[in-house]
Amino acid sequence: MERFENDDLQYVVDDYYDVNDFNNDGAVVEPEPQRDAAGLESFDSDFEDDIESVMSKPTTDTSAEEARNGKDIQGIPWERLNFTRERYRQTRVREYKNYENLYGSREEMEKECLQVEKGKAFYDFQFNTRLVKSTVVHFQLRNLLWATSKHDVYLMENYSVMHWSSLLHKGEEVLNVAKPIVPNLKHPGLLSQQLSRVQISTMVVKENLMVAGGFQGELICKYLNQSGAAFCTKLTTDDNAITNAVDVYNNPSGAMRVMAANNDAKIRIFDAETFASINCYSVVCSF
């Protein structure tokens with residue numbers, strides 16, 4: 001089970017953003033990403049200055065026809081920048097150092113990996129939109145974007161879980177975790193509690209159920225076809241309590257379960273219908 005140190009994670013700014021612009025051309029301004037590659041700092045800074053000046057006006061989506069006619073699929077107007085795409089890519093490949101937490105050498109790992117067959121088309125480009133802004137506050141956080149079908153995507157945008165339909169080209173807010181979250185399910189023995197201003201660290205969307213975990217050990221469960229959250233609580237009060245991973249699965253008998261893993265080295269299992277706690281497993285971590 002991978003562990004994250006809370007002090008090492010970059011939090012989003014204290015003010016959260018409204019999502020009224022999600023369907024509009026006016027994009028929400030996000031916090032400036034942190035850059036780890038010192039060698040690219042000057043180059044990237046010049047690139048960002050150039051692209052900001054030419055892309056300050058609202059832009060439209062990039063269609064498949066425009067891409068076939070030579071338009072960049074990200075909508076970047078390279079012809080108006082001081083850098084070509086090829087030059088920028090070459091510089092980044094040469095100077096950017098990827099974060100790695102491998103215990104063996106890259107050379108030994110490559111011997112064990114299967115070679116990728118090149119020259120095949122894995123997908124056809126349909127369109128790109130710059131109106132959808134996915135917020136990932138730290139590069140090690142994963143599962144903050146879920147595709148439940150060919151046309152439905154769930155993502156984090158600041159403090160909101162959003163649903164984007166590629167068919168309708170439209171998004172809607174599923175849950176705002178900056179506001180107070182009051183659980184709908186209440187019955188004796190259920191360890192639920194009200195939450196507010198939750199910083200989402202991981203999430204999963206399966207079987208009409210959205211489950212999200214937070215930096216402070218929170219767990220939020222919401223049925224997509226119902227308003228509000230069905231269940232929410234803080235799983236642990238440990239100093240380093242971040243919820244690393246959540247999942248929704250069916251056990252061998254077919255009953256649906258919710259699983260959460262936290263930095264207190266415990267994995268917790270809940271019933272996905274009543275959200276009653278079923279099991280809690282302690283994990284021995286060795287480094």
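This is a predicted model: local features need pLDDT of at least 70, side-chain atom pairs count only at pLDDT 80 or more; totals for chains, interfaces and linings use all residues.
1. The protein has 287 residues, and 38% of them count as buried.

2. For overall content, you will find four helices and 14 strands. The protein exposes about 17900 Å², and carbon and sulfur atoms supply 48% of that area.

3. The largest nonpolar core deserves a look in your viewer. It has 42 residues, and those with the most contacts inside it are L209, V211, L219, I220, V258 and F275. Several strands each supply at least two residues of this core, among them β4 (152-157), β6 (170-176) and β7 (200-206). The list also includes β8 (209-214), β9 (218-223) and β10 (231-234), as well as β11 (243-250) and β12 (256-262).

4. Leaving out residues up to four places away in sequence, V211 touches T202, M203 and V204, together with L219, I220 and C221. Its contacts also include V246, V248 and V258. Of these, V248 and V258 turn up again in the next point, as bridge partners.

5. How do β11 and β12 run relative to each other, parallel or antiparallel? They are antiparallel, with seven bridges joining them. V248 has V258 of β12 as its bridge partner. The two strands form a hairpin with five residues between them, and in the turn G254 has a positive phi of about 95°.

6. Another salt bridge brings together the side chains of D72 and R85, at 3.7 Å from N to O. D72 sits in the loop between α2 (64-68) and α3 (85-95), while R85 belongs to helix α3; the two are 13 residues apart. Is D72 buried or exposed? D72 is buried, because its relative accessible area of 13% falls under the 20% cut-off. R85, at 44% relative accessibility, counts as partly exposed.

7. The side chains of R268 and D264 also meet in a salt bridge, this time at 2.7 Å from N to O. Here both residues are buried.

8. Finally, have a look at D271, which is found in strand β13 (residues 266-271). Why does D271 count as buried? Its relative accessibility is 17%, and buried means under 20%, so D271 qualifies. The side chains of D271 and R257 are joined by a polar contact of 2.9 Å. Setting aside neighbours within four places in sequence, D271 is in contact with R257 and also with M256, A276 and I278.

Conventions: Residues are numbered from 1 along each chain as its sequence is written. Side-chain values use heavy atoms; hydrogens and water are left out. Buried means under 20% relative accessible area, exposed over 50%, partly exposed in between (1.4 Å probe, protein chains only). A polar contact is a pair of N or O atoms within 3.5 Å; within protein, one must be able to donate a hydrogen and the other to accept it, and residues adjacent in sequence count only if both atoms are side-chain atoms. Contact means heavy atoms within 4.5 Å. A nonpolar core is a set of buried Ala, Val, Leu, Ile, Met, Phe, Trp, Tyr and Cys residues joined through side-chain atoms within 4.5 Å. Two strands pair if DSSP finds at least two bridges between them. A salt bridge is a side-chain nitrogen of Lys or Arg within 4 Å of a carboxyl oxygen of Asp or Glu. Accessible areas come from the Shrake-Rupley method with a 1.4 Å probe; for residues, only the protein chains shown count as cover.
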